[in-house]
Amino acid sequence: MGVHAESHPETSNYWHTTMTNRFSRRDLARAACAALVLAASGRPGRDARAAGPAQGSQPKAHSWHPGLFPEMIVKSWFQEDLAEGEVSSWQSAGAKPVAAMQAEPSLRPTKLPNNGGVHFKQGTRQALTWPADSDAPYLHRWWLVIARCNSAINADAECVSVVCANGAEGGPVHRQPQVCFKPSAGTFVSRLHDGKLKSEEGQCSTDFDEWNVMVGYRRGFVMQAVVNGIKTAGQTVYALTPNRMKSQSFMGDVNNPMRADVAIDCVIIGQSELNDSQIDRLMGWGMWRIGRQSALPDVHPYRQSPPSAVDANDKPARYAFDSVSWASWTAIGNERRYGHRGEAAPPIRGYTTVFFDDFDSNTVVDDSKGAQSSIWYAPTHLTTVGVDAATPPMSASPSSYVHDASSHTLALRLLHKRRWRTGAFSSVNNNGQGRCWGKGIFEIRARMPKILAPRPGFFPAFWAYGKEHLFWRTRNRLETDFWEYDGLNGAYINISQHVHKPRLGYADPHITPRSVHRKIAGYQVDPSSGFPSTIDVYDGEFHTWYAQIEDDYTYFVIDGYEVARVPTTPELAAKKYIIVDFAYDEKKGRAQPNPSQTYDMVIDYIRVRQTETDLARAPTAFSALPAFSGQTSPGQALTVVPNVIASQIEYLWYRDGVPIVGETGTSYELSSRDVGHKIRCHVRAVSVLDQPEAWTPESETVG
C-alpha cells in the first residue's frame with residue numbers, strides 16, 4: 001500500500017486515461033485538515049455545506065487520507081471533481097472506475113456551489129446510474145458515504161435513497177450495498193441483502209445544512225456501520241449472491257420519486273476487510289473533511305486532531321509474486337524432486353489433528369445458506385468447476401451430494417438430468433467465510449468409480465485456493481492441486497501449482513499480470529516409477545492422498561508412498577481453503593458417459609493436521625495462547641479467555657478435531673457426546689490487522 005500518487009501529474013486527462021487505478025495529486029487536497037477545509041466557508045467548524053477541500057488549499061505534509069491506499073479503492077466519487085451545474089456524468093476513480101451517468105436532462109442532479117454537493121431534488125427521480133457489477137459480493141467490502149438529507153420534509157419517510165450498488169429493478173438480491181436516510185427515525189442507514197434484507201442505522205443530523213459520515217463494512221460474518229463516529233450493534237451477514245439480473249447501480253433514486261432533498265459529497269467503495277484502526281481513520285478523515293469533528297464521541301482517537309500518519313495498520317499482509325523466486329524453483333531438478341518416489345513416506349511426527357470430517361453426517365450445505373460453523377459449502381463460488389457438467393446447489397433434485405449414513409461417506413455424483421451435473425464443495429463460501437489453513441498435512445481418503453478403459457472424461461481433484469483473492473480482487477489467485485486425475489489414464493497423477501492473473505487488473509510490481517504454472521509431479525504411478533505396483537484410481541478401491549507442507553519441504557504422498565518432494569514456497573505455504581470436486585471434461589476421456597448411469601466419487605474422510613510447534617506459538621496481537629476456564633465434565637461449560645484485545649472475534653469449536661456445528665460462542669456446554677474426547681477452540685481476531693488466529697490447548701479428556 002505504498003504511496004504512488006504524489007509523483008504523477010495532476011491533469012484530468014492524465015488521470016482518466018493513464019492512471020485509473022491510482023489517485024492523482026489532486027486527491028491529496030481532499031485530505032486537508034478541517035482548519036483549511038473550512039477556511040473558505042466563512043463558518044469554521046459548523047458550515048456543513050462546505051464539504052470537500054477548500055479551493056486552493058494544500059494538505060499538511062503528512063495528512064492521512066484514503067487516496068494513500070489506491071488498491072483498496074474500487075470506486076470513488078468526489079464532488080470537487082465536478083463543475084457547478086447540471087451533472088450528466090460523474091466519473092469515479094479507483095481500481096475499477098466507472099462513470100455514473102444520466103442521459104435524460106430532466107433527471108440530472110445539480111452540483112451546488114460552495115462545495116454544496118450533488119443535489120438530488122425532492123419529488124423527482126433524479127439519478128446517476130452505472131452498470132451492474134456481478135463481482136460486487138467480493139469487491140464491495142466497505143463503503144464511506146458523506147451525504148445530507150432534508151429530513152424535516154416528509155419526516156415519515158422510511159427510505160430516502162442515497163446510493164445503491166445493484167438494484168435499479170428493486171430485486172431482492174441486490175443492495176450490495178445500499179445507503180439511505182430514514183427520516184422517520186432520524187437515521188442514516190446501511191443495507192445489504194444476503195437472502196434477507198439486513199439494515200444497520202445510526203442517528204444523523206436531520207438538518208439539510210449538516211453533512212453526515214457513514215463507514216459501512218462487512219467483516220467475517222458481521223455487517224456493521226459507523227455513523228458520525230457511533231458504531232452500530234452489527235448483525236450476522238452470510239454469503240451475498242452475485243448479481244445475475246444485470247440490475248443497474250445508482251445514486252439518487254431510479255425506482256421512486258425522492259421523498260426529500262439529498263446532497264452527496266463523496267462515495268467511496270472499497271475492497272478488503274478493514275481493521276478497527278482503518279475504520280477509525282476513515283471516520284476521522286470524513287468528519288474533519290466536513291468540519292464536524294466536534295461531533296465525534298469524546299473517546300474517538302481523532303476528535304482532537306485528524307489522522308496524520310500511516311502505520312502498520314494501513315499495510316495488511318498480501319501475497320507478493322517474486323519472479324526470481326518463481327524461476328529459481330525449477331533449479332531443484334528431477335533428482336531432488338523424485339529421488340524418493342515410490343519409497344515409504346517419511347514418518348509423521350509432532351502433528352495434531354485440527355480438522356477431521358469422516359462424514360458421520362452430511363456436512364455439506366448450500367453455499368448461500370451456510371453459517372459460521374458450517375463445514376463445507378456447495379457448489380463453491382467457482383461456477384465452472386464442473387467443466388462440462390453443471391454444479392447445482394446441494395438442495396437440487398436429484399442431488400449430486402449423496403450421504404450414506406451406514407458407511408459414513410459422502411459421494412459426489414455425476415448424473416444426467418437434461419445435462420450432466422456433478423458435485424463440488426469447498427471449506428469457504430463465496431464470500432470467503434469459512435475454514436482455512438496454512439502449512440500442515442492435507443489428507444483425503446476417497447474412491448473413484450470402478451470402470452475399465454476407455455473411460456469418460458472424469459476429472460476428480462483435491463486442491464486448494466489461497467484465500468486472499470476473495471478479498472483482494474486485484475491480487476493473484478494461488479492454486480495448489482494436491483492431486484487431480486483424468487479419464488485417460490487412472491494411474492497418471494498430476495500435482496501442480498498455479499499463480500493466476502487477478503480478477504481485476506492492477507499495476508503493481510508484486511502482482512503478475514499473466515498466469516504462471518509449474519508441474520510438481522506428472523507421471524504414471526507404477527513399477528516403472530519405483531512403486532511396488534500400479535495404483536489406478538479407477539479400481540473401485542479407497543486410496544489415501546496427502547500433501548505435507550513443512551517449513552522447508554513439501555511432500556506429496558499416495559497410499560503411504562512418496563510421489564514428490566519440493567522446497568516449500570510462499571505459494572505452497574499461503575493460507576488456503578480446500579476444494580473437492582468430481583468434474584466431467586469431455587476432452588479428458590475416450591468414451592461418452594451413459595446418461596442412464598450415475599458415477600460416484602466417494603469420500604471417506606478429509607483431515608488437516610498442523611504441527612504442535614506451530615499450534616503452541618502465540619501470534620502477534622495475542623498476549624498468550626487462548627485458554628480455557630471451567631471443568632471438563634458433562635453439564636459444565638468451557639469458556640475461552642481469548643488473550644487478544646479485539647472488538648470482533650470468531651470462535652470455532654472442535655471435538656478431537658471434528659467441528660462442532662452450531663457452536664460459535666465464547667462458551668461451550670459439555671454433554672455426554674463429549675465424554676472420552678478432548679475439546680479445542682479456534683480463535684480469530686477479525687478486527688485486528690491481518691486477523692491473527694490461535695488455538696487453545698486441548699482440554700483434558702471430558703469425563
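Where is the place of Asn494? Asn494 sits in strand 29, residues 492–500. The points below start with the model as a whole and come back to this residue.

1. **Basis.** This is a predicted model, in which local features need pLDDT of at least 70 and side-chain atom pairs count only at pLDDT 80 or more, while totals for chains, interfaces and linings use all residues. Residues are numbered from 1 along each chain as its sequence is written, and side-chain values use heavy atoms, with hydrogens and water left out.

2. **Overall fold.** The chain has nine helices and 42 strands. These are DSSP runs, numbered from the N terminus: helices are H or I with at least four residues, strands are E with at least two. The radius of gyration is 27 Å, close to the 27 Å from the globule rule for 703 residues, so the chain is as compact as a globular protein of that length. The radius is taken over C-alpha atoms, and the rule is 2.2 Å times the number of residues to the power 0.38. Along the principal axes, the C-alpha atoms fill a box of roughly 85 × 60 × 50 Å.

3. **Burial and surface.** Of the 703 residues, 60% count as buried. Buried means under 20% relative accessible area, exposed means over 50%, and partly exposed lies in between (1.4 Å probe, protein chains only). The chain exposes about 26,400 Å², and carbon and sulfur atoms supply 50% of that. The areas come from the Shrake-Rupley method with a 1.4 Å probe; for residues, only the protein chains shown count as cover.

4. Take the contacts with a separation of 6 or more: residues 24 or more positions apart account for 70% of them. Contact means heavy atoms within 4.5 Å. The chain has 72 positive and 73 negative charges, and their mean positions are 4 Å apart. Lys and Arg count as positive, Asp and Glu as negative; His and the chain ends are not counted. Each charge is placed at NZ of Lys, CZ of Arg, CG of Asp or CD of Glu.

5. **Aromatic pairs.** Rings of Phe, Tyr and Trp (its six-membered ring) pair if their centres lie within 6.5 Å; planes under 30 degrees apart are stacked, over 60 edge-to-face, and the rest tilted. The count comes to 31 aromatic pairs. In one of them, the ring centres of Phe462 and Phe482 are 5.3 Å apart and the planes stand at 45 degrees, so the pair is tilted. Phe462 lies in strand 27 (residues 458–466) and Phe482 in strand 28 (residues 477–484), so the pair ties together parts 20 residues apart in sequence. Phe462 is buried at 0% relative accessibility. Phe482 is buried at 4%.

6. **A stacked pair.** Phe628 and Trp653 are stacked, with 5.6 Å centre to centre and 15 degrees between the planes. The pair links distant parts of the chain: Phe628 is in strand 36 (residues 627–629) and Trp653 in strand 38 (residues 649–655), 25 residues apart. Phe628 is partly exposed at 22%, whereas Trp653 is buried at 1%.

7. **Aromatic cluster.** Phe462 and Phe482 also belong to one aromatic cluster. Its other members include Phe355, Phe359, Trp376, Trp483 and Trp545.

8. **Backbone points to check.** Most residues other than glycine have a negative phi, and most peptide bonds are trans. A cis peptide bond joins Ala378 and Pro379, with omega about 5 degrees. Pro379 is in the loop between strand 21 (376–378) and strand 22 (401–404). Another cis bond joins Ala453 and Pro454, with omega about 0 degrees. Pro454 is in the loop between strand 26 (440–447) and strand 27. Phe359, not a glycine, has a positive phi of about 55 degrees. Phe359 is in the loop between strand 19 (351–357) and strand 20 (364–366), and is buried at 0%. Ser272 has a positive phi of about 85 degrees and is buried at 4%.

9. **Back to Asn494.** Asn494 is buried at 9% relative accessibility. Leaving aside neighbours within four places in sequence, Asn494 contacts Asp481, Trp483, Glu484, Lys519 and Ala521.
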